Amino acid sequence: MKKVLKVFFEITNYCNFNCIYCFASPCKKNSIIMPFDRFQKIVNSLATLEDWDFTALLTGGEPLSVPNICDYGKYVKKYAKKVTLGSNGSFVPTLKQEQLDNLKDTIEEISISFDATNHELFRKMTNHPVEPVLEAIDILNKNKKKIKLTPVVTKYNIDFDGIVKFCEEKNIKKIRFYWFIPRESNDHSLSPTEKDYENMMNSFNNYKGDIDIKINRYYEPPFATLVVSPSGNIGLVTDLERKNIETI
C-alpha cells in the first residue's frame, strides 16, 4: 500500500488580506505566480514516485486571485489522490459561473480561513471586511461545494461555540481550528494561553453535534509535508521552519 505525501502548492504569494498572525508579508507590488509549465513539471515528477501517492492543496497567498487557477486544478487532478484549495474566500463573488463549475469539477473541498463571526473582530484579525467572505460561503453552498472552515486561534478569537454555531447555520460540516504558533516574524503576544487551550478542549469534548471538528495544536508532523513556493522551490516543512531541498 502506497504512503500519501501532502503537497502544498503556493500558486501565488499575493494576498489581499493582511492577517495579524500571518508569518508572510503580503506581496502587493512584487507578487509572483507560479508558472504553469513549472507547475506541470513538478506534478509530473510527483506522479512518477513509485511508493507514494500525493494529495494537493492549491494555496497561496490567495490562489483565487490567479485568473487561470482552474487550469492548475484540472491538471493536478489527473494525478493527485485528492485536490483541495485553501482560500480566504473574498474572490469567490467575482467568479463567473463557468469558473465556479470548474472548481466544482476539479476541487474536492475548499478551505476558508474564517477567523471570527464578529464583524469588527474579523476586520481586526484580517484587515479586511467580512461581507465578501459571507457572500462567498453562500455562493459555494448554492453551488454544492464542500466547505471546510479553518480558523487560526489567537488570544483574540477563542470562540469555539460561535464558530460551531455559524457552521450549523451555514450547513458547513467540517472545521479545523489551528492553534497560533508564532514564528520569528510573528508577534508572539498573539499566542493563546494554556488555559485557553484547556477551555476550548472542554467545549470540544462536550460537543454533541455532527460537524467534523479537530483542534490542531501543532502543524503537520516534521517532514510530512512538501511546500512548493510560487517560484517553484520545494521545501520540507516542520512546525517552525522550512528546509529547502533539491529542486526538481
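How many cavities of 30 Å³ or more does the structure hold? In this predicted model, the count is 1.

**Cavity.** The largest cavity has a volume of about 30 Å³. Its lining consists of Leu100, Leu103, Lys104, Leu140, Asn143 and Lys145. Helix α3, spanning residues 97–106, supplies the largest share of this lining, namely 3 residues. Sorted by class, the lining of the largest cavity comprises 3 nonpolar, 1 polar and 2 charged residues.

**Overall architecture.** The chain contains 7 helices and 11 strands. Of its 248 residues, 47% are buried. Among contacts in the chain with a separation of 6 or more, 72% are between residues 24 or more positions apart. The chain exposes about 12,900 Å², of which carbon and sulfur atoms supply 49%.

**Backbone geometry.** The peptide bond from Gly60 to Gly61 is cis, its omega being near 10 degrees. Gly61 is placed in the loop that runs between β2 (52–59) and α2 (69–77).

| Residue | Phi | Loop between |
|---|---|---|
| Asn171 | about 55 degrees | α6 (160–170) and β7 (174–179) |

Is Lys144 buried or exposed? Lys144 has a relative accessible area of 67% and therefore counts as exposed, the cut-off for that class being over 50%.

Conventions: Residues numbered from 1 in each chain as written. Predicted model: local features only at pLDDT ≥ 70, side-chain atom pairs only at ≥ 80, totals over all residues. Heavy atoms only, no water. 1 Å grid on protein atoms, 1.4 Å probe; cavity = no way out; pocket = protein on both sides within 12 Å on 5 of 7 lines; lining within 4 Å. Points joined across faces, edges and corners; volume = space filled by probe spheres on them. Helix = DSSP H or I, 4+ residues; strand = E, 2+ residues; numbered from the N terminus. Nonpolar A, V, L, I, M, F, W, Y, C, P; charged D, E, K, R; others polar. Buried < 20%, exposed > 50% of the residue type's maximum accessible area, 1.4 Å probe, protein only. Contact = heavy atoms within 4.5 Å. Areas by Shrake-Rupley, 256 points an atom, 1.4 Å probe, with all protein chains shown as cover.
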